[in-house]
Amino acid sequence: MKGDDMTVEEMYNNEYEFEDDEDDDSDWDPSAVSDHNNVVEIPKWFCINCTWPNIGHDFHCDLCGEHRESGILQRGFLASSLHPAEQGLAQNGADVAVALQVSSLQSIGSDNRTAIGFDERMLLHEEVVQKSHPHPERSDRLRAIAASLAATGIFPGRCYPIPPREITREELLMVHSPENIEAVELTSQVFSSYFTSDTYANQNSARAARLAAGLCFDLAAAIFSGSVKNGFALVRPPGHHAGVKQAMGFCLHNNAAIAALAAQNAGAKKVLIIDWDVHHGNGTQEIFDKNKSVLYISLHRHEGGMFYPGTGSAYEVGTMGAEGYCVNVPWSRGGVGDNDYVFAFQQVVLPIVSEFDPDFTIISAGFDAARGDPLGRCDITPSGYAQMTQMCSDLSGGKLLVILEGGYNLRSISSSATAVIKVLLGENPRRSMEQVIPSKSGLRTVLEVLEVQLNYWPSLKSKLSKLQSDWGLYALHDKKQVKKKKRRAKQLPIWWKLGRKRLLYRLWCKKLS
């Protein structure tokens, strides 16, 4: 062949001629060529526990370490994360959920005073469009919790099931506008739809949302009336981002707001909502922004408004005469763990709640601040959630409803939900947190919130003075150190430390210190 440096374009345009002595290719076998090229398609699989995309033949997730054939949907967090599901276990997690509901309806005992709200039809709310990554708000979230409760003998067995019911339009209108209700209902006529880029619906979503809201409504009424002691709403889609008019953030109807008004319908004068989901409940805050009969307290990542949904600063306190009835504890970073949350409960939440003196308490229990959650990236353990639940269990005479919100690591969400329900059943948390040391950033957040809320809750004055006396230097020292480190990093390149300018580097650092 003439010319050794021939381009593909030149070959295509026949700019070069082939000589007659070219090798005969009559015996060319395409299959043999493909074998020699060793063309191999690299497999891609998504972790059943955290949905992380993994490349290759490894059996464990690169992010969370879960085995790709884990039995977490059959045994919940009790399943091994290192080994595949045991032979003989149900292959479909839906089987566990369905069996759980059927069995629970047959095992109602007079001594079961903690109620559970669940219906397997909520599992049908799924994203229909196949995208490059599974949606984090998926039906496996309920399956994993249901499997954990069944494996530990909690439900069915020790809890009272609330019969499922779809909420009525009239009841929804207590919270939502006709626009919200009609927009959600319209999705039942469409194969697949989206309210926002991340908030999907299919033909079963509207019914799932009505069931979730109906279960929360009836649980609140049953708890306040004394029919049951307390309860856990094992429901989806979640609700705390849904506002008066809009569905957003995976949420269609606001389950916590509906439960609060159901409790007031039943006779409650003052309702407390504590929201520990890692995201601020902007929908719940909007609904009760001007309402002095509902105290909304949220602990969430905020980071100066850079963390979704961007609302929930310490200075958002309520409006139109209801100032102080919205309390935001906005963490300035990720990685926040048990100590910071318990410290905030001790110093902010419980003092304000004691002064408010609610008749009924609701926890918007997102478990996406749990250790291992791919979206929240915080560090609360099941023991931390149990401790916070314990601190809430004596409020309102024990009239407490916990409603599932977010949480996207199946092992984290199932172990945390189980720990919370054990406290509802009367078990004490194993770990005591009477004396906790917060992180310095957590302490600064608590001090900021106290300074803001002091204008509305006089009892906080002594708390703030004591904290400033005991911890003020601790927080201030950290601020100075951070500023000093930033100044050093900005003014001198780090490689000066080891290079020819190391003497100048040392002199400059000595000057700053």
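The views below show a predicted model.

**View 1. Helix 5 and helix 13 cross at roughly 50 degrees.** The crossing of helix 5 with helix 13 is right-handed. On the side of helix 5 the contact is formed by Asp140, Arg141, Ala144, Ile145, Ser148 and Leu149, while helix 13 contributes Leu410, Ile413, Ser414, Ala417, Thr418 and Ile421. Sorted by class, the residues of this contact comprise seven nonpolar, three polar and two charged.

**View 2. Helix 12 packs against helix 13 at an angle of about 30 degrees.** Helix 12 spans residues 382–393 and helix 13 spans residues 410–424, and their axes are 8 Å apart. Because an angle under 35 degrees counts as roughly parallel, helix 12 is described as roughly parallel to helix 13. This crossing, of helix 12 and helix 13, is right-handed. Pro382, Tyr385, Ala386, Thr389 and Gln390 of helix 12 meet Ser415, Ser416, Ala419, Val420, Val423 and Leu424 of helix 13. The residues of the contact between helix 12 and helix 13 divide into seven nonpolar and four polar, with no charged residue.

**View 3. Thr199 lies in strand 6, which covers residues 199–202.** With a relative accessibility of 1%, Thr199 counts as buried, because the cut-off for that class is under 20%. The side chain of Thr199 reaches the backbone nitrogen of Gly249 at 3.0 Å. When residues up to four places away in sequence are not counted, Thr199 touches Ser193, Tyr194, Met248, Gly249, Phe250, Cys251 and Leu252.

**View 4. Val329 is found in strand 10, which covers residues 326–331.** Val329 has a relative accessibility of 0% and therefore counts as buried. Although Val329 and Arg301 are 28 residues apart in sequence, their C-alpha atoms are 8.4 Å apart in space. Leaving aside neighbours within four places in sequence, the residues in contact with Val329 are Ser298, Leu299, His300, Ala344, Val348, Thr445 and Val449.

Definitions and conventions. Residues are numbered from 1 along each chain as its sequence is written. This is a predicted model: local features need pLDDT of at least 70, side-chain atom pairs count only at pLDDT 80 or more; totals for chains, interfaces and linings use all residues. Side-chain values use heavy atoms; hydrogens and water are left out. Axes are lines fitted to C-alpha atoms, for helices over the stretch in contact, and angles run from 0 to 180 degrees between N-to-C directions. Helices (H or I, at least four residues) and strands (E, at least two) are DSSP runs, numbered from the N terminus. Angles under 35 degrees count as roughly parallel, over 145 as roughly antiparallel, 65 to 115 as roughly perpendicular and the rest as oblique. A crossing is left-handed if the near helix is turned anticlockwise from the far one by less than a right angle, and right-handed if clockwise. Contact means heavy atoms within 4.5 Å. Ala, Val, Leu, Ile, Met, Phe, Trp, Tyr, Cys and Pro count as nonpolar, Asp, Glu, Lys and Arg as charged, and the others, Gly among them, as polar. Buried means under 20% relative accessible area, exposed over 50%, partly exposed in between (1.4 Å probe, protein chains only). A polar contact is a pair of N or O atoms within 3.5 Å; within protein, one must be able to donate a hydrogen and the other to accept it, and residues adjacent in sequence count only if both atoms are side-chain atoms.
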